[in-house]
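Trainee: I would like to go through the labels used for this structure and ask what each one rests on.
Mentor: Go ahead, and I will set each value against its cut-off.

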Amino acid sequence: MEEQNKFLETEKTGVLMRKYAVPCVISLLVAALYNIVDQIFIANADYLGSYGNAANTVVYPLTVVALAFAVLIGDGCCSFVSIRLGMKDSESASKSVGSAVVMSVGVGVILTVLYFIFSDPIITAFGGGVNEETYKLSKEYFTYITMGIPFYVFGQAMNPVIRSDGSPKFAMLSTLAGAVVNIILDPVFIFVFNWGMTGAAVATVLGQVITAVLAVWYLTRMKAIKLSKKDIRFNFGTARKYLPLGICSLLAQISLVAAMAAIQNMVKKYGALDPVFSLNEYSQIPMAVLGIVMKFFQIVISIVIGIAAGCIPIVGYNVGAGRNDRVREMLTKLLIAETAVGAVSLFIVEVFPKALIGIFGAANESVYYTDFAVKSFRVYLCCIVLACINKAAFIFLQALGKPVESTALSMIRELVFGVGFSILLPVWFSLDGVLYSMPVSDMLTFIITVIVLIKTYKDLKKDSIKVSN
């Protein structure tokens, strides 16, 4: 049992990265497609259009909050399990998985209750009050999406746990199965049944249920970890050890939500001062457009996170086994891969913005919609290469068992820079200031990240690296 994952220390690092990263990338892309597919079908429904797009953008941060708690549990458990298996401590690994199962179920239920209690202020806080139609559609979509939160949290939390057990392909397939259900049902519910936002949300929830059911099935058949009934309970002592390793993932998502809230409120505030977007028939356009740009960015970041997160079980095992030479080699390969992803993405947003906009129903919108969307893609994402490198560094530090450094970088990027500049820059540059906030934040974060990476390379030249017990 303890030698089940021994290949993580002996197989070539490039082979391992492909084996783990590709399924992880696909899993995260598929998870991202839940909301993106909804938005594509919503945007191309004549009776929803940019109002539906704006409503989708309003509700989207709430799924990110749920994801934040899921990755706190799942990524933390994944890192802890990988390190413990490297140390040949399968008992601790089993206890952490059992605890993670119970915690993810509890957190999902609690979030659902809180969402329903505070639904109106939540929708308003994320810009749902931009006009009456947007608010109505936001409330409709919010209601049904919230019903699926427990399934979503559980499925997303178990995905990295399944990868840590040496089954990245199953983790990918379970997420893919749910997404396929969503993709099939979305057009049926929206265009055939005319269920509108309700149809999009119900299709999403049904897909999330499928993923959660498959995760339950796998947990009864784990390979490297022998999970027994006595392990399925919340263990505070065990949780105290693995949760810190997932704090970076939590804060990365939560701080992203804070940045979204700031951006969406600044868009609402300064859009109301714009000569065009202050008009009621165009007031939802900035919100809808920023949502589309964020969705493309989410696709890119899903690839970036997938490559980096796919390395977590490999890095964790080799850290536990004292193989810093292999860890250092993986860091170099990871940075090269993430830079390439960023470069391709930059080319696409700068050269083909109109094609990207067209996917989200631009043909049915005004020229103001198209012009603002083109500018948003080209300005907001002009430093996407640096954003990719930054995100990869955050996750790699987490995999090394360095939650403090990882969390600090993530917080600086999203809260200090992301929220700060999205509030300050519009004071001088109005609505364009919101667009400038992203590249400025990424440039400053990159400078700090380079300093941390240099120190990390030096640490990895030592005989061992300190990790949490």
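**Helix packing and burial**

Trainee: Why are helix 13 and helix 14 called roughly antiparallel to each other?
Mentor: This is a predicted model, and in it helix 13 (residues 312-320) packs against helix 14 (residues 324-351) at an angle of about 155 degrees. Angles over 145 degrees count as roughly antiparallel, so helix 13 and helix 14 take that label. Their axes are 8 Å apart, and the crossing of helix 13 past helix 14 is left-handed.

Trainee: Which residues make the contact of helix 13 with helix 14?
Mentor: From helix 13 come Ile314, Val315, Asn318 and Val319, which meet Arg326, Val327 and Met330 of helix 14. By class, five residues of this contact are nonpolar, one is polar and one is charged.

Trainee: What makes helix 13 largely enclosed by the rest of the structure?
Mentor: Buried means under 20% relative accessible area, and eight of the nine residues of helix 13 are buried, so the helix is described as largely enclosed. Those buried residues are Ile312, Pro313, Ile314, Val315, Gly316, Tyr317, Asn318 and Val319. Just after helix 13, Gly322 has a positive phi of about 75 degrees.

Trainee: Which residues of helix 3 and helix 6 meet?
Mentor: Helix 3 brings Tyr51, Gly52, Ala54, Ala55, Asn56, Val58, Val59, Leu62 and Thr63, while helix 6 brings Glu133, Thr134, Leu137, Ser138, Tyr141, Phe142 and Ile145. This contact divides into 10 nonpolar, five polar and one charged residues.

Trainee: How do you know how helix 3 is oriented to helix 4?
Mentor: Helix 3 (residues 49-86) and helix 4 (residues 90-117) have axes that cross at roughly 175 degrees and come within 9 Å. With the cut-off for roughly antiparallel at over 145 degrees, that angle makes helix 3 roughly antiparallel to helix 4. Among the contact residues are Leu62, Phe69 and Phe80 of helix 3 and Ala93, Met103 and Tyr115 of helix 4. The contact of helix 3 with helix 4 has 16 nonpolar, four polar and one charged residues.

Trainee: Is Thr456 buried or exposed?
Mentor: Thr456, in helix 18 (residues 403-459), has a relative accessible area of 2%. The cut-off for buried is under 20%, so Thr456 is buried.

Trainee: What does Thr456 touch, leaving out residues up to four places away in sequence?
Mentor: Thr456 touches Leu331, Leu397 and Leu400. The side chain of Thr456 also reaches the backbone oxygen of Val452 at 2.8 Å. Between Thr456 and Ala393 the C-alpha to C-alpha distance is 10.0 Å, with 63 residues separating them in sequence.

Technical notes. Residues are numbered from 1 along each chain as its sequence is written. This is a predicted model: local features need pLDDT of at least 70, side-chain atom pairs count only at pLDDT 80 or more; totals for chains, interfaces and linings use all residues. Side-chain values use heavy atoms; hydrogens and water are left out. Axes are lines fitted to C-alpha atoms, for helices over the stretch in contact, and angles run from 0 to 180 degrees between N-to-C directions. Helices (H or I, at least four residues) and strands (E, at least two) are DSSP runs, numbered from the N terminus. Angles under 35 degrees count as roughly parallel, over 145 as roughly antiparallel, 65 to 115 as roughly perpendicular and the rest as oblique. A crossing is left-handed if the near helix is turned anticlockwise from the far one by less than a right angle, and right-handed if clockwise. Contact means heavy atoms within 4.5 Å. Ala, Val, Leu, Ile, Met, Phe, Trp, Tyr, Cys and Pro count as nonpolar, Asp, Glu, Lys and Arg as charged, and the others, Gly among them, as polar. Buried means under 20% relative accessible area, exposed over 50%, partly exposed in between (1.4 Å probe, protein chains only). A polar contact is a pair of N or O atoms within 3.5 Å; within protein, one must be able to donate a hydrogen and the other to accept it, and residues adjacent in sequence count only if both atoms are side-chain atoms.
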